[in-house]
Amino acid sequence: GQSVKSGEDVRRLLMESHVIEDEALALLFRVGDERIQDLIRALNDNSEIVRRNAQTIIRYLGNEVGMKALIESYAKSPAYTLA
């Protein structure tokens, strides 16, 4: 199986466009709490796929630190800025 030992491993899994439909989800879910800082960093990735999939994994985990970072990232998003 795949291992997740670095932020780059987390990003590689998050790059899979259908991460929520395959084994990458299960793997990221298993290691999500220990790799939460990598998932938080992924919220600001250049790739929309990586950002979206990181959001999904963090929401699935319900990790307190991750959820706080997720809410903060939403607050910084231009889409959520009031005109």
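Which residues is Leu39 in contact with, leaving aside its neighbours within four places in sequence? Contact here means heavy atoms within 4.5 Å, and the partners of Leu39 are Val10, Leu14, Gly32, Ala54, Ile57, Ile58 and Leu61.

## Before we start

This is a predicted model, in which local features need pLDDT of at least 70 and side-chain atom pairs count only at pLDDT 80 or more, while totals for chains, interfaces and linings use all residues. Residues are numbered from 1 along each chain as its sequence is written, and side-chain values use heavy atoms, with hydrogens and water left out.

## The overall plan

The secondary structure of the protein comes to five helices and zero strands. From the N terminus on, the elements run α-α-α-α-α. Helices (H or I, at least four residues) and strands (E, at least two) are DSSP runs, numbered from the N terminus.

Of the 83 residues in the protein, 41% are buried. Buried means under 20% relative accessible area, exposed means over 50%, and partly exposed lies in between (1.4 Å probe, protein chains only). Take the contacts between residues at least 6 apart in sequence: 53% of them join residues at least 24 apart.

## The nonpolar core

Let us return to Leu39. Together with Leu14 and Ile57, Leu39 is among the residues with the most contacts inside the largest nonpolar core, which has 21 residues. Helix 1 (7-14), helix 2 (23-31), helix 3, helix 4 and helix 5 each give two or more residues to this core. A nonpolar core is a set of buried Ala, Val, Leu, Ile, Met, Phe, Trp, Tyr and Cys residues joined through side-chain atoms within 4.5 Å. In soluble globular proteins, nonpolar side chains tend to be buried together.

Helix 5 (residues 64-76) has 13 residues and reaches 19 Å from its first C-alpha to its last, close to the 18 Å expected at 1.5 Å a residue. That expected span is 1.5 Å times one less than the number of residues. Which residues of helix 5 are buried? They are Gly66, Ala69, Leu70 and Ser73. Seen down the axis of helix 5, its buried residues fall within an arc of 105 degrees, so they line one face of the helix. The arc is that of the directions from the helix axis to the C-beta atoms.

The buried residues of helix 5 pack against helix 3 and helix 4. On the other side of helix 5, Glu64, Lys68, Ile71 and Ala75 are exposed. At the start of helix 5, a side-chain oxygen of Asn63 reaches to within 3.0 Å of the backbone nitrogen of Val65. This is a polar contact: a pair of N or O atoms within 3.5 Å, where within protein one must be able to donate a hydrogen and the other to accept it, and residues adjacent in sequence count only if both atoms are side-chain atoms.

## Salt bridges

A salt bridge is a side-chain nitrogen of Lys or Arg within 4 Å of a carboxyl oxygen of Asp or Glu. By this rule the count comes to five. Lys68 and Glu72 are four residues apart, about one turn of the helix. An α-helix has 3.6 residues a turn, so residues three or four places apart point the same way. Lys68 is exposed at 56% relative accessibility, and Glu72 is partly exposed at 38%.

Helix 1 holds another pair, Asp9 and Arg12, three residues apart, whose side chains meet in a salt bridge (3.4 Å, N to O). Asp9 is buried, with a relative accessible area of 17%, while Arg12 is partly exposed at 36%. Arg35 and Asp38 also form a salt bridge, their closest N and O atoms being 2.4 Å apart. Arg35 is buried at 18%, and so is Asp38 at 8%. Arg35, Asp38 and Arg41 are linked in a network of salt bridges.

## The loop between helix 3 and helix 4

Asp45 sits in the loop between helix 3 (36-42) and helix 4 (48-61), and Ser47 has its place in that loop too. Asp45 is buried, with a relative accessible area of 14%, and Ser47 is buried at 14%. The side chain of Asp45 reaches the backbone nitrogen of Ser47 at 2.8 Å. The side chain of Ser47, in turn, reaches the backbone nitrogen of Ile49 at 3.3 Å.

Not counting residues up to four places away in sequence, Asp45 touches Arg11, Val50 and Arg51. Leaving aside neighbours within four places, Ser47 is in contact with Arg11 and Met15.
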